[in-house]
Amino acid sequence: MLPCQRKTRSQTRRGRANKGLRAPGFTRCPNCGSVRRHHTACPDCLYVPPRGPRQNGFILEHLVSED
Ligand SMILES: [Zn+2]
């Protein structure tokens, strides 16, 4: 769909002013406790968080079939 009305130059620039670079999120490694970036391997212990279906933050291992 197209926008109903053309945005003014100041509206466009006001919106784009919020699209700048942001600091990446940081979290603690569950394996060794050091600080690492989200969605990356831990720089200290090279721990990679497991992926899969989650419920309340926990991996549902019994749902993963092993054939
Ligand atoms: Zn670690």
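Start by selecting His39, which sits in the loop that links strand 2 to strand 3. You are looking at a predicted model, so keep that in mind as you go. Colour the backbone by torsion here: His39 has a positive phi, near 60°, and is a residue other than glycine. Most residues other than glycine have a negative phi. Is His39 buried or exposed? His39 counts as exposed because it has 11 C-beta neighbours inside 10 Å, and the exposed class takes in 12 or fewer.

Stay in that loop and move along to Leu46, which also lies between strand 2 and strand 3. Here too phi is positive, near 60°, in a residue other than glycine. Leu46 has 10 C-beta neighbours inside 10 Å, so it counts as exposed.

Now select Cys45, in the loop between strand 2 (35-37) and strand 3 (54-55). Its 13 C-beta neighbours inside 10 Å are why Cys45 counts as partly exposed. Which residues does Cys45 contact, leaving aside its neighbours within four places in sequence? Show Cys29, Asn31 and Cys32: these are the contacts. For a distance to display, pick the C-alpha atoms of Cys45 and Asn31, which are 7.8 Å apart although 14 residues separate them along the chain.

Finally, zoom out to the whole protein chain. Of its 67 residues, 3% are buried. Among contacts with a separation of 6 or more, residues 24 or more positions apart account for 0%.

Technical notes: Residues numbered from 1 in each chain as written. Predicted model: local features only at pLDDT ≥ 70, side-chain atom pairs only at ≥ 80, totals over all residues. Buried ≥ 20, exposed ≤ 12 C-beta atoms within 10 Å, placed from the backbone. Contact = placed C-beta atoms within 7 Å. Helix = DSSP H or I, 4+ residues; strand = E, 2+ residues; numbered from the N terminus.
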